[in-house]
Amino acid sequence: MALIEIRDLKIHYPIRSGFFNRVTDHVLAVDGINFDIEEGETYGLIGESGSGKSTTGKAIVGLEKATSGQILYKGEDVTKPRNRKKLQYNRDVQMIFQDSLSSLNPKKRIKDIIAEPIRNFEHLAPADETKRVQELLDIVGMPADAMYKYPHEFSGGQRQRIGIARAVSTNPKLIVADEPVSALDLSVQAQVLNFMKEIQKEFNISYLFISHDLGVVKHMCRNMAIMTRGRFVEVGTREDIYQHPQHIYTQRLLSAIPKITPASRMIDKSNRKRVEALYQEESSKYYGPDGKVLDLKQVSPTHSVAIQDPVVEGGQS
Ligand SMILES: Nc1ncnc2c1ncn2[C@@H]1O[C@H](COP(=O)(O)OP(=O)(O)OP(=O)(O)O)[C@@H](O)[C@H]1O
Ligand SMILES: [Mg+2]
């Protein structure tokens, strides 16, 4: 059994309008997605802006209510508050946000920021709490005196490490990391990602790693889903997605990864043009008449694609 199983999850936001402020329509932010995250695994959730990634992450940590579907944690449905309490779900599942400046309270010292989740769940004596905060800062490579400072006194990368220390303070089993490095420079990105990996190994944490950047996800995740318009267009292993992408949306995202050498940049440019033209021409093959992403079809034991006639891998159809 996977640590967490998402079953046909939907999150629809009502749109209200008119004099009576009636609900006239819905934004289908998440519209029927399924995936599992194993213990100690990093699962990638990739898509462009507005595709429903953050809404999915927020629903998993309980910041957003599911319209329908299930979120199973250790086999029990945690969309039901009773189960969440029983399983200590709010303690076991934490979140890291993209924007560390607005997600860390500017008026609080680092010590209080990091200790807040601990205070919610444990009653430590002040000296023990200080010791624990010190250990957590050490885990993310920050000096102990950082605890007496305020968020604005740190760089973006340091703040993100403080966010990680806060998230791991309750010894969580799962961390939803929503674009954790998107706001950082490339060199700082690598540093923060390495911390995340080290912590994962040490504490056997699972991550839901949310990103719009296929380049970053490649280094973090063995399994992943590509999302657009609230649905998954392609699901598979790293190899399935990067070596054998079948959905035009995935191909388009892949062609947008910047290349390093000038020669590969030239090939890249023509490839990007080709994929873009294909996307415009053939989108009817990939989406329903109403623009909805089609249902996923399995093309190998690990790989599924949302197209009408996918190429079945491994020879058998
Ligand atoms: N509270 C809300 N009320 C109404 N619509 C919302 C709300 N939150 C999000 N949405 C809509 O749901 C859709 C998905 O939003 P979401 O924030 O999940 O996207 P995202 O994939 O995280 O995008 P980004 O990469 O920009 O962070 C968008 O169309 C957004 O406008
Ligand atoms: Mg988002």
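Helices (H or I, at least four residues) and strands (E, at least two) are DSSP runs, numbered from the N terminus. The structure shown is a predicted model, in which local features need pLDDT of at least 70 and side-chain atom pairs count only at pLDDT 80 or more, while totals for chains, interfaces and linings use all residues. Residues are numbered from 1 along each chain as its sequence is written, and chains are lettered from A and ligands numbered from 1 in the order in which they are written.

**View 1. The annotated segment, residues 15–254.** An unreviewed UniProt entry lists residues 15–254 as "domain: ABC transporter"; UniProt positions are given in the numbering used here, feature names are shortened, and annotations may be inferred rather than shown by experiment.

**View 2. The residues around ligand 1.** The shell consists of Tyr13, Val27, Ala29, Gly47, Ser49, Gly50, Ser51, Gly52, Lys53, Ser54, Thr55 and His212, where a residue is near a molecule if its C-beta atom, placed from the backbone, lies within 6 Å of it. Two or more residues of this shell come from each of β2 (22–37) and α1 (53–61), and α1 provides the largest share, three residues. By class, the shell has three nonpolar, eight polar and one charged residues, with Ala, Val, Leu, Ile, Met, Phe, Trp, Tyr, Cys and Pro counted as nonpolar, Asp, Glu, Lys and Arg as charged, and the others, Gly among them, as polar.

**View 3. The largest nonpolar core and Phe209.** A nonpolar core is a set of buried Ala, Val, Leu, Ile, Met, Phe, Trp, Tyr and Cys residues joined through C-beta atoms within 7 Å; a residue is buried if 20 or more other C-beta atoms lie within 10 Å of its own, exposed if 12 or fewer, and partly exposed in between, with C-beta atoms placed from the backbone. The largest core has 78 residues, of which Ile71, Ile175, Ala177, Leu208, Phe209, Ile226 and Phe232 touch the most other members. Because domain 1 (40–63 + 80–228) and domain 2 (245–317) both give residues to this core, it lies between them. Leaving out residues up to four places away in sequence, Phe209 touches Thr42, Tyr43, Gly44, Leu45, Ala177, Val217, Met220 and Cys221, contact meaning that the C-beta atoms of two residues, placed from the backbone, lie within 7 Å.

**View 4. Domain 1 and domain 2.** The domain bounds come from an automatic or database domain assignment, and the C-alpha centres of the two domains lie 32 Å apart. Five residues of domain 1 are in contact with six residues of domain 2. On the side of domain 1 that touches domain 2, α9 (214–220) and β9 (223–228) are the elements that give two or more residues.

**View 5. Helix α5 and Tyr150.** In α5 (residues 110–121), Ile110, Ile113, Ile114, Ala115 and Ile118 are buried, and the buried residues of this helix pack against α6 (126–139) and α7 (156–168). Tyr150 is placed in the loop between α6 and α7; with 14 other C-beta atoms within 10 Å, Tyr150 is partly exposed. Tyr150 and Ile110 are 40 residues apart in sequence, yet their C-alpha atoms are 5.8 Å apart in space.
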